[in-house]
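Please keep the sequence and the structure in view while reading.

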Amino acid sequence: MSIEDKELIEARFGPLWSGKTEISFQGGVRTLRDVKHALDLTGEDVMSIDLHELPGGTFAFRFYDGDDRRIVVLVCDADGGILEEFRAHIAEWLGELYYESGALAYDADAMLHLLRKKSEEDGVSAGADRC
């Protein structure tokens, strides 16, 4: 784990939940749920955070991978092909709260709830719907 991974993600894509809940993708407006399914990320432990439109018709999809317990960013081309991937452990955002969570660390819903709550306490609006 590296705090540099978290810093890279936030420097490039902003704080968690600072992106959009829908973007133009594959010929129409797509929601977090649409993009998640288009990228075949259908596991129950994959929880959407936000989307970012990037230059050149590319976009970023940020989500929590509960199986890996990491925040993931996939940068994709207009066809949904993955160009880049960034990962940082959720403990980089939650700090001691992660280590105090015990068995809840294995519950993706609980971790995302803690992350949203901490983000709101830090002054970031956590408005994107989980899907």
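Asp 50 is situated in strand E3. Strands (E, at least two residues) and helices (H or I, at least four residues) are DSSP runs, numbered from the N terminus. The model is a predicted one, in which local features need pLDDT of at least 70 and side-chain atom pairs count only at pLDDT 80 or more, while totals for chains, interfaces and linings use all residues. Residues are numbered from 1 along each chain as its sequence is written, and side-chain values use heavy atoms, with hydrogens and water left out.

Is Asp 50 buried or exposed? Its relative accessibility is 0%, so Asp 50 counts as buried. The term buried means under 20% relative accessible area, exposed means over 50%, and partly exposed lies in between (1.4 Å probe, protein chains only).

The side chain of Asp 50 reaches two backbone nitrogens: that of Gly 19 at 3.0 Å and that of Trp 17 at 3.2 Å. When neighbours within four places in sequence are left aside, the residues in contact with Asp 50 include Pro 15, Leu 16, Ser 18, Lys 20 and Phe 61. Contact here means heavy atoms within 4.5 Å.

## The sheet

Which order do the strands of the open sheet follow? The four strands are arranged as E3-E4-E5-E6, and their pairing is antiparallel. Strand E3 (46-53) and E6 are the edge strands; each has a single partner strand, so one side of each is left without a neighbour in the sheet. On average, neighbouring strands of this sheet are turned by 20° against each other, direction ignored. Two strands are said to pair if DSSP finds at least two bridges between them.

Strand E5 (residues 70-76) and strand E6 (residues 82-89) are joined in the antiparallel sense over seven bridges. Within this pair, Ile 71 is opposite Ala 88 of E6, and Arg 70 has His 89 in E6 as its bridge partner. The hairpin of E5 and E6 has five residues between the strands, and Gly 80 adopts a positive phi near 90° there.

Helix H5 (residues 108-121) lies across E3, E4 and E5, and runs at about 45° to E3. For such angles, axes are lines fitted to C-alpha atoms, for helices over the stretch in contact, and the angles run from 0 to 180 degrees between N-to-C directions.

## Asp 65 in strand E4

Asp 65 belongs to strand E4 (residues 59-65). With a relative accessible area of 12%, Asp 65 is buried. Apart from residues up to four places away in sequence, Asp 65 touches Asp 45, Arg 70, Val 72 and Arg 87. The side chains of Asp 65 and Arg 87 make a polar contact (3.4 Å). A polar contact is a pair of N or O atoms within 3.5 Å; within protein, one must be able to donate a hydrogen and the other to accept it, and residues adjacent in sequence count only if both atoms are side-chain atoms. The side chain of Asp 65 also reaches the backbone nitrogen of Asp 67, at 3.0 Å. Between the C-alpha atoms of Asp 65 and Leu 41, which are 24 residues apart along the chain, the separation is 9.6 Å.

## Loops and an aromatic pair

Arg 69 lies in the loop between E4 and E5. Its phi is near 55°, a positive value in a residue other than glycine. Asp 40 is located in the loop between helix H2 (32-38) and E3. Although Asp 40 is not a glycine, its phi is positive, at about 60°.

The structure contains three aromatic pairs. In the pair of Tyr 98 and Tyr 99, the ring centres are 5.1 Å apart and the planes stand at 85°, so the pair is edge-to-face. Rings of Phe, Tyr and Trp (its six-membered ring) pair if their centres lie within 6.5 Å; planes under 30 degrees apart count as stacked, over 60 as edge-to-face and the rest as tilted.

| Residue | Relative accessibility | Class |
|---|---|---|
| Asp 40 | 59% | exposed |
| Arg 69 | 18% | buried |
| Tyr 98 | 9% | buried |
| Tyr 99 | 49% | partly exposed |
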